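Subject: Structure handover

Hi,

Here is the structure I promised you. Please open it beside this email and follow along.

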Amino acid sequence: MISLFNKYRPQRFGEIIGQKTAVEVMTNSITRGTVNHAYLFSGSRGCGKTSAARIFAKALNCLNRRGYEPCCECANCRGITTGESLDVLEIDGASNNGVENIRGLKENVTLKPFNSRWKIYIIDEVHMLSTGAFNALLKTLEEPPEHVIFIMATTEPQKVPVTIRSRCLHIPFQSISPDDIYGRLKEVCEREGVNAESEALREIARQADGALRDALSLLEQVIASGEDVKLGDVERIIGAGSRTAFEKWLSEFRKSPSEGYITLKSMFASGASGVRIFEEMFSLVRNLWLISRWHDIAEKLGMTEHEREFMNQEVTNWKPEELQEFLKVIVRILSEARRGVKPDILLGMFMFYFEGNNDVSDSEPQPTERKIPVNDENLKARLLDKSFKENFLIHCWLYSTEVREQNGKLMIEVKEKYNWEYIKIDRNSAQLCEVFAEYEEVKVKYENDTITCRKLLKEEEEKTAPIEPEREPEVRRLTKLEEFISELRKLGGKPEELLKVEKSEEDHTDEGESEE
């Protein structure tokens, strides 16, 4: 039995979906007769790079080509389709990445094609070639025989040396949109005689993440598990956490965080990974936040009618600032999920930020009730503008902080330790205080530590300023030390002279005491 992604692999340019620009470049090259000697196809997995390379090779060597489309019936087309053509050779760069393999290729390049116009080499995953292999390939690409065409495919074009890329016509392939994948899945189900729910196919298209091959593989798994393709079957295969399930969860969590916690826990129990759960959560909350800020953007987010209807209803229960902070929490948890933190810990960390909030959609939440402090972007913009004019170092330091003001006091929260260590220096904290002198008090917080910025006193002010009780012993020690250093300077830096003076003063004092 042939797998669905092989059975429905495109055989003509007209069957390639979601790659209009790439197809136009190839078809125009064929029509105008301006074929390049080397091509580099780049794009994410499953977007059709290798399939397009085979179709391009068929069109170039087809014996009965109609316009730019191959006939798919002649001996050359059939040989390329079955992989038996002696003039179109496919090389896996991942397993044939040594310099010996490329040297063997160089020896065969000079041979004329057997029964075709072109001898075509398709090198898949070309970025996996070793440095020696790239060097061996470079000369051939620079001065190839007239009858040879190289088509190289890669998911990571930045790993291909610039010397190779500069000798190729680079054609980027895009991730296929969920709508295009959905249309293809619907067509496949009709050809296979399978009944499929629209929501189930939409969920498969969303989970494929732009890769049609992955979508067809997932569809094949769902078909194998039952006669019809239903949303429940898709959730069971992927481990729960569909978009519909997350929509229900979001409404539930807004009303009762404890119930939302139980639902999330059940998603983990069904086999869903932490990364996928929080990626889906981020995608949903991100769309909601975008709509809350710009209502006209809903039509451009690639959502179904059902999803748009849900968003328009749910967005009225949230403020943009709350959704923005929600996204920050998800990003933080997502980074931990990618590090392999256990699900129970992830859930605990996630709920920690919402502790004490049974209703996160209150119309007017008090500042003390917020899950995490909300950064005042307008205030920060004003502070950045003021610091830019007065102290550029403070301006740079302020960028990665969060700021709040209340009752004439300014609170600045830093996230990075090096920012905290910088502002703990008296000179720097004093400069911060001077820049924002209009505030009664300027405080800086890092995790559980907080400091209050103080101005540096001038020498006259220091003499008259009252000494804090807890600092009095320290000030006395500093005063004696300063007196000692001052006397030492007067004697030209000779400590023995200072000791003689101190000794004579002590003897004189002793004599006075004995006379009394």
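This is a predicted model: local features need pLDDT of at least 70, side-chain atom pairs count only at pLDDT 80 or more; totals for chains, interfaces and linings use all residues.

Residues are numbered from 1 along each chain as its sequence is written, and side-chain values use heavy atoms, with hydrogens and water left out.

**The chain**

The chain has 24 helices and nine strands. Both are DSSP runs, numbered from the N terminus: helices are H or I with at least four residues, strands are E with at least two. Of the 516 residues, 41% are buried (under 20% relative accessible area, with a 1.4 Å probe and protein chains only). Take the contacts (heavy atoms within 4.5 Å) between residues at least 6 apart in sequence: 69% of them join residues at least 24 apart. The accessible surface is about 29,100 Å², and carbon and sulfur atoms hold 49% of that. Areas come from the Shrake-Rupley method with a 1.4 Å probe.

**The cores**

In soluble globular proteins, nonpolar side chains tend to be buried together. A nonpolar core here is a set of buried Ala, Val, Leu, Ile, Met, Phe, Trp, Tyr and Cys residues joined through side-chain atoms within 4.5 Å. The largest one has 50 residues. F13, F41, F56, I120, L185, I204 and L219 have the most contacts inside it. Helix α3 (residues 49–61) gives the largest share of this core, seven residues. Another core lies apart from it, with 35 residues, including L284, F326, A337 and L347.

What does F41 touch? Leaving out residues up to four places away in sequence, its partners include M26, F56, I151 and F173.

**The sheet**

Strands of a sheet pair through backbone hydrogen bonds, either parallel or antiparallel. Two strands count as paired if DSSP finds at least two bridges between them.

β6 and β7 (residues 409–414) run antiparallel, joined by six bridges. T401 stands opposite V414, and E402 stands opposite E413. Two residues lie between the strands of this hairpin, where N407 takes a positive phi near 55 degrees. β7 also pairs with β8 (residues 441–446), in the parallel sense, over five bridges. There, K409 stands opposite E441.

Best wishes
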